[in-house]
Amino acid sequence: MADFGADQKFQYKCPFRKAWVDCGAEEDQQLKEAYLKLQKGGGQPEVAYLLNGVRFKTDFSGMVRTNVASKRTMEVRLKGGSLPFPPPAPEAGASAPSEASMGKPDGVPQESDEKGAVPLSPEALMTGLEGKPFPHGVRKAWGQGLPQGVTMSGRFEFTMQLDDKDYLGEMLTWNMIAAGIDPEAFDSHRVLAFTNKNKQTVIGNREEIEKMLTSDQSYPITVTYHPPRTYDGMPESEVPGWEVQRTFLKFIKEAVANVDGDIYKVKHVHQRRTFERYLLYLEDYYYQNDDDLADSMYGWELYMRYPFMTGSLGLIDKTGPNLTKVLRGEADVLEFLFGG
């Protein structure tokens, strides 16, 4: 029965190091065991395994290794000779192994053969000819310093196929890391959306989301996280304070709508001057931020979202919900300022 030689080892083609890299002992052993099962008729063309807590899949029919979470693919090959027997034929429409994956030289060096940094790799571009490190901004402009797929954009979108049914947690975690999203600031209730193949979208409803994910008929499912553009470039630490401002404006927006935006429905003259400012505040905010405040929070929602800010609205907790009554003259603002 065919077997691997003692000096043979699986490798993967790393796009970051620009080299063929030896698989670790654990991964190499799992790949060899899975490959040998194919000749016994009991194996599968694709093998899944965990490596340092990260799930990978290797498809022998295409000689491709895939990070399940990031969907990043890399070619694999056997170093030190040919495979014990030919790999299984790919399914209809799938790509066959590349010539390099089957052992033909492709000009890409082996990391184990390089004494220094591999040419054009991130390591080689860390320093100049005089040994001085290049500034991070320069390396980033060259496309170095950030792994492929890492955007730090604060938003993401990915598609789950039926084969990914059990890997939502890993895929979600990877995309959050790639987008630079702090787990504590992750707004899954209002922003995280799941859309099935029939274009039905669910946001914030746990039961409906679970129902969608457990149904094979839902796949492929597109998962998106696109927070309002008003937060772009804003440090996570400043978001709670910004949400407070949006809550203030939400009360004003609703009060203005309740009097139909008509200044003559404001009873007291001195409050009409304030009402004019409200209209200007809202118009300026809409224009500057492209935000209609549709998803802004009431005070109690703000406190549930950010418990450490409980009470931060101060008197607005009283006057905000009653602003319409104050404008109509149905209530005296002094009752809320000095009342119980």
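## Helix 6: span

Helices (H or I, at least four residues) and strands (E, at least two) are DSSP runs, numbered from the N terminus.

This is a predicted model: local features need pLDDT of at least 70, side-chain atom pairs count only at pLDDT 80 or more, and totals for chains, interfaces and linings use all residues. Residues are numbered from 1 along each chain as its sequence is written, and side-chain values use heavy atoms, with hydrogens and water left out.

Buried residues of helix 6 are Gln 271, Phe 275, Tyr 278, Leu 282, Tyr 285 and Asn 289. They sit on the same side of helix 6, because their arc around the axis is only 95°. The arc is taken from the directions from the helix axis to the C-beta atoms. Helix 5 and helix 9 (323-328) are among the elements that cover these residues.

Val 269, Arg 273, Leu 280, Glu 283, Tyr 287 and Gln 288 are exposed on the other side. Buried means under 20% relative accessible area, exposed over 50%, partly exposed in between (1.4 Å probe, protein chains only).

His 268 lies in the loop between helix 5 (239-258) and helix 6 (269-289). At 32% relative accessibility, His 268 is partly exposed. Its C-alpha atom is 7.1 Å from that of Gly 329, 61 residues apart along the chain. Just after helix 6, Asp 290 has a positive phi of about 50°.

Key: Contact means heavy atoms within 4.5 Å.
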